[in-house]
Amino acid sequence: MNKRKTGSILGVTSTLTVIISIIFFYIERGPGADVYFIITIFVILSILGVLFAIFSWLLSKRLIFLIIGILGNGFVLAFAYLLQAFTGP
């Protein structure tokens, strides 16, 4: 595989982590949900998504994958922070 195709695959994977986070949010909700487990999954997925976006931009030089990956995963990370901040001990 060449670098451009690998970068495109990483860019799609970066947006896929956002979609997985959204699906996970709708599956794991309700009064009996473990909030700290959900926060941990959001943080791990969004950090992976940001890394995939950066590597995608480095390999393919397509700025659109970087922008969509950083913004989407940044929103998930901000949501995880707000979820943690308002949950309390």
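Analyst: A nonpolar core is a set of buried Ala, Val, Leu, Ile, Met, Phe, Trp, Tyr and Cys residues joined through side-chain atoms within 4.5 Å. Buried means under 20% relative accessible area, exposed means over 50%, and partly exposed lies in between (1.4 Å probe, protein chains only). This is a predicted model, where local features need pLDDT of at least 70, side-chain atom pairs count only at pLDDT 80 or more, and totals for chains, interfaces and linings use all residues. Residues are numbered from 1 along each chain as its sequence is written, and side-chain values use heavy atoms, with hydrogens and water left out.

The protein chain has three helices and zero strands. Helices (H or I, at least four residues) and strands (E, at least two) are DSSP runs, numbered from the N terminus. Along the sequence the pattern is α-α-α. The C-alpha atoms fill a box of roughly 45 × 20 × 15 Å, taken along the principal axes. Of the 89 residues, 28% count as buried.

Now the core. The largest nonpolar core has seven residues: Val 18, Phe 24, Ile 38, Ile 39, Phe 42, Val 76 and Ala 80. Helix 1, helix 2 and helix 3 (63–87) each give two or more residues to this core. Helix 2 supplies the largest share, three residues. In soluble globular proteins, nonpolar side chains tend to be buried together.

Next, one core member. Phe 24 counts as buried, at 17% relative accessibility. Phe 24 also forms an aromatic pair with Phe 37. Rings of Phe, Tyr and Trp (its six-membered ring) pair if their centres lie within 6.5 Å; planes under 30 degrees apart count as stacked, over 60 as edge-to-face and the rest as tilted. This pair is edge-to-face, with 6.0 Å centre to centre and 65° between the planes. Phe 24 lies in helix 1 (residues 3–27) and Phe 37 in helix 2 (residues 35–60), so the pair ties together parts that are 13 residues apart in sequence. Phe 37 is partly exposed, with a relative accessible area of 42%. The structure holds five aromatic pairs. Phe 24 and Phe 37 belong to one aromatic cluster with Phe 25, Tyr 26, Phe 42 and Phe 79.

Not counting residues up to four places away in sequence, Val 18 touches Gly 72, Asn 73 and Val 76. Contact means heavy atoms within 4.5 Å. Asn 73 lies in helix 3. Asn 73 counts as buried, at 1% relative accessibility. A polar atom of the Asn 73 side chain lies 2.8 Å from the backbone oxygen of Gly 69. Leaving aside neighbours within four places in sequence, the contacts of Asn 73 include Ser 14, Thr 17, Val 18, Leu 45 and Val 50.

Helix 1 has 25 residues and reaches 36 Å from its first C-alpha to its last, close to the expected 36 Å. The expected span is 1.5 Å times one less than the number of residues. Buried residues of helix 1 include Gly 7, Leu 10, Gly 11, Val 18 and Phe 24. Their cover includes helix 2 and helix 3. In helix 3, the buried residues include Phe 65, Leu 66, Asn 73, Val 76 and Ala 80. The buried residues of helix 3 pack against helix 1 and helix 2.

Key
A polar contact is a pair of N or O atoms within 3.5 Å; within protein, one must be able to donate a hydrogen and the other to accept it, and residues adjacent in sequence count only if both atoms are side-chain atoms.
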